[in-house]
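Biologist: Please put the model on the screen, and then take me through it one step at a time.

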Amino acid sequence: MTNQAHVADVFLQESIRAFQSMKKLGDKSFAQTNEVFFYQTIDEGSNSLEVIIKHMHGNMLSRWTDFLTTDGEKEWRDRDAEFEGDRLSREPLLALWEDGWQVLFTTLGSLTSENVLSQVLIRGESHTVLQAIQRQVSHYGYHVGQIVLLCKHWSSQDWQTLSIARGQSKLFKPTM
């Protein structure tokens, strides 16, 4: 294996790890949040958890279906509808969440080091596979951050931290 192929393999593995970490944060956040809060917004210009889930699902299906061979913005995608609240219950919303991630992980798992510098299209613009993956890491990280913030806000006093709790950092410092 060449050094370039090794680096490409490491990149793909790290991308999968980053997406798994994002999904886990969302999963843990949803588990702490009552369904009634999935439809609420913090103001008129904000998105609800339902809308964010629908948007991420639509984006994931569009971007990762036939990733190497078709434009990442599929003709069948109705992006505007993703931002309309339908009041889907928790179970179908979390099924959309799982479905989107499954498509992403299946596609990423099928990529090889030879694919990393290949060209793909997103909205007619050419990207390397590396660039397209990084674009989605950024996009999904942004939305998962919104999910965590909203779930933490709605769960308020009942929120269980997803990382090191305030005042507990010293417990996690390595000893010299």
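Biologist: What volume does the largest pocket have?
Modeller: This is a predicted model, in which local features need pLDDT of at least 70 and side-chain atom pairs 80 or more, while totals for chains, interfaces and linings use all residues. Residues are numbered from 1 along each chain as its sequence is written, and side-chain values use heavy atoms, without hydrogens and water. A pocket is an open set of points on a 1 Å grid where a 1.4 Å probe fits, with protein on both sides within 12 Å along at least five of seven lines. Counted as the space filled by probe spheres set on such points, the volume of the largest pocket is about 210 Å³.

Biologist: How many residues in the lining of the largest pocket are nonpolar?
Modeller: The lining (residues with an atom within 4 Å of a point) consists of Val148, Lys152, Trp159, Thr161, Leu162, Ser163, Ile164, Ala165 and Arg166. Ala, Val, Leu, Ile, Met, Phe, Trp, Tyr, Cys and Pro count as nonpolar, Asp, Glu, Lys and Arg as charged, and the others, with Gly, as polar. On that division the lining has two charged residues, two polar ones and, as nonpolar residues, five.

Biologist: In what order do the elements of the chain run from the N terminus on?
Modeller: The C-alpha atoms of the chain fill a box of roughly 55 × 50 × 25 Å along the principal axes. Within the chain there are five helices and two strands, taken as DSSP runs (helices H or I, at least four residues; strands E, at least two). Read from the N terminus, the order is α-α-α-α-β-β-α.

Biologist: How many charged residues does the contact of α2 with α5 have?
Modeller: Contact means heavy atoms within 4.5 Å, and residues meeting across this pair include His55, Met56 and Trp64 in α2 and Tyr140, Ile147 and Trp154 in α5. By class the contact has 12 nonpolar residues, six polar ones and, as charged residues, two.

Biologist: How many nonpolar residues are in the contact of α1 with α5?
Modeller: Among the residues that make this contact are Phe11, Phe19 and Phe30 of α1, and Val137, Tyr140 and Val144 of α5. The contact has no charged residues and six polar ones, and its nonpolar residues number 14.

Biologist: Are α2 and α4 roughly parallel or antiparallel?
Modeller: Helix α4 (residues 90–110) packs with α2 at an angle of about 25°, with axes 9 Å apart. That angle makes α2, relative to α4, roughly parallel.

Notes. Axes are lines fitted to C-alpha atoms, for helices over the stretch in contact, and angles run from 0 to 180 degrees between N-to-C directions. Angles under 35 degrees count as roughly parallel, over 145 as roughly antiparallel, 65 to 115 as roughly perpendicular and the rest as oblique.
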